[in-house]
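Subject: Structure handover

Hello,

Here is the structure for you to take over. Please open it first, then read the notes below it.

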Amino acid sequence: MAAVPLPPFRKLIAGQVLVASLVVIGAEWFWPGTGLSAFWGGVIAIVPQIFFALLVFRHRGARKVQQAVQLLLLGAAVKFGLTFALFVVVFALVQPSNPISLLCAYIAVISVHWLAPTLMRS
């Protein structure tokens, strides 16, 4: 029996890192001093995604459906909680110089999911 292949989540995360890098560079280029805030927005979007992918794609195959579903629910909860915690930590400890650039970077990185079906075509 052939193993179920992993979804190309590494491509998605690489795309998110690329978009985050471009937003940080663009923010710093056009509005000097806002690059660090954009960086934190990218981190807030990417780190929970990595944890989600690591949790969800542990089990594959028809015999492990129950475990996969449980990990999917756990992964979604961890992703939401980690995103919330990272926003709290960044706003409490880092004091972003420009919250708008932070939120724009976060939204830009999250929007990579909307383009994922197009990006994942092989």
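Is Phe 91 buried, partly exposed or exposed? Phe 91 is partly exposed, because its relative accessible area is 34%. The classes work like this: buried means under 20% relative accessible area, exposed means over 50%, and partly exposed lies in between, with a 1.4 Å probe and protein chains only.

Some ground rules. This is a predicted model, where local features need pLDDT of at least 70, side-chain atom pairs count only at pLDDT 80 or more, and totals for chains, interfaces and linings use all residues. Residues are numbered from 1 along each chain as its sequence is written, and side-chain values use heavy atoms, with hydrogens and water left out.

**Overall fold**

The protein chain has five helices and zero strands. Read from the N terminus, the order is α-α-α-α-α. Helices (H or I, at least four residues) and strands (E, at least two) are DSSP runs, numbered from the N terminus. The chain holds 122 residues, and 30% of them are buried. Take the contacts in the chain with a separation of 6 or more: 69% of these join residues 24 or more positions apart. Contact means heavy atoms within 4.5 Å.

**Aromatic pairs**

The whole structure contains four aromatic pairs. One is Phe 39 with Trp 40, and this pair is edge-to-face because the ring planes stand at 70°, with centres 5.3 Å apart. Another is Phe 87 with Phe 91, a stacked pair at 6.2 Å centre to centre and 10° between the planes. For the rule: rings of Phe, Tyr and Trp (its six-membered ring) pair if their centres lie within 6.5 Å; planes under 30 degrees apart count as stacked, over 60 as edge-to-face and the rest as tilted.

Phe 87 and Phe 91 both sit in helix α3 (residues 65-94). They are separated by about one helical turn, because they are four residues apart in that helix. Phe 87 is buried, at 17% relative accessible area.

Phe 39 is partly exposed, at 39%. Trp 40 is partly exposed too, at 26%. Trp 40 lies in helix α2. Beyond its neighbours within four places in sequence, Trp 40 is in contact with Val 90, Val 94 and Leu 102. Trp 40 and Val 24 are 16 residues apart in sequence, and their C-alpha atoms are 9.2 Å apart.

Ser 37 counts as buried because its relative accessibility is 1%. Setting aside neighbours within four places in sequence, Ser 37 is in contact with Pro 96, Ser 97, Asn 98, Ser 101 and Leu 102.

Leu 55 belongs to helix α2 as well. Leu 55 is buried, with 14% relative accessibility. Not counting residues up to four places away, Leu 55 touches Leu 71, Leu 74, Gly 75 and Val 78. Leu 55 and Leu 73 are 18 residues apart along the chain, with their C-alpha atoms separated by 9.8 Å.

**Largest pocket**

The largest pocket has a volume of about 150 Å³. It is lined by 12 residues, and the closest to its centre are Phe 9, Leu 12, Gln 49, Phe 57 and His 113. On a 1 Å grid over the protein atoms alone, a pocket is an open set of points where a 1.4 Å probe fits, with protein on both sides within 12 Å along at least five of seven lines; lining residues have an atom within 4 Å of a point. Grid points are joined across faces, edges and corners, and a volume is the space filled by probe spheres set on the points.

Helices α1 (9-30), α2 (35-56) and α5 (112-119) each give at least two residues to the lining. The largest share, three residues, comes from α2.

**Gln 16**

Gln 16 is in helix α1. Gln 16 is buried, at 0% relative accessible area. Which residues does Gln 16 touch, not counting those up to four places away in sequence? They are Ile 46, Gln 49, Val 109, Val 112 and His 113.

Best wishes
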